[in-house]
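Dear colleague,

I am handing over the structure below, and my notes on it follow. Please read them alongside the coordinates.

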Amino acid sequence: MKDLEARLEKLRVDAAECELISNLATDHAKRALFARLSQQLLAMAAEVEAVIAARAKDGPAGETSNGA
C-alpha cells in the first residue's frame, strides 16, 4: 500500500510541475503540451487513488504484493 501511496504522491507532484511549466511557458504549443500532461497525470493519480480506496475498503486481506 505504501508503494501505491508513494506513486500517488509522485503523480501529483509531477502534475503540479507540469501545470507550473504550462503557466510559465511563452510558446503556445509548449503551454498546451504541459497543460495536457498535467491533466493526464491528474487522471492517473485519480485512478491510483481509487485503487488505494478500494484496497482500504477491502482491508488488510485485500493487499497483495503484485507490484501494482
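**What was found**

Of the 68 residues in the protein chain, 22% are buried, where buried means under 20% relative accessible area, exposed over 50%, and partly exposed in between (1.4 Å probe, protein chains only). This is a predicted model, in which local features need pLDDT of at least 70 and side-chain atom pairs count only at pLDDT 80 or more, while totals for chains, interfaces and linings use all residues. Residues are numbered from 1 along each chain as its sequence is written, and side-chain values use heavy atoms, with hydrogens and water left out.

The protein chain has 2 helices and 0 strands, both being DSSP runs numbered from the N terminus (helices: H or I, at least four residues; strands: E, at least two). Among contacts in the protein chain with a separation of 6 or more, 62% are between residues 24 or more positions apart, a contact being heavy atoms within 4.5 Å.

Helix α1 covers residues 2–24 and helix α2 residues 28–58, and the two pack at an angle of about 160° with their axes 8 Å apart; the axes are lines fitted to C-alpha atoms, for helices over the stretch in contact, and angles run from 0 to 180 degrees between N-to-C directions. The helices α1 and α2 are therefore roughly antiparallel to each other, given that angles over 145 degrees count as roughly antiparallel, under 35 as roughly parallel, 65 to 115 as roughly perpendicular and the rest as oblique. By class, the contact of α1 with α2 has 16 nonpolar, 3 polar and 7 charged residues, with Ala, Val, Leu, Ile, Met, Phe, Trp, Tyr, Cys and Pro counted as nonpolar, Asp, Glu, Lys and Arg as charged, and the others, Gly among them, as polar.

The count of salt bridges comes to 3, a salt bridge being a side-chain nitrogen of Lys or Arg within 4 Å of a carboxyl oxygen of Asp or Glu. One of them joins Glu49 and Arg12 at 2.9 Å, N to O, and this pair links distant parts of the chain, with Glu49 in helix α2 and Arg12 in helix α1, 37 residues apart. Glu49 is partly exposed at a relative accessible area of 39%, and Arg12 is partly exposed at 36%.

Within helix α1, Asp3 and Arg7 are 4 residues apart and so separated by about one helical turn; their side chains form a salt bridge at 3.2 Å, N to O. Asp14 also forms a salt bridge with Lys10, with the closest N and O atoms 3.0 Å apart.

Best regards
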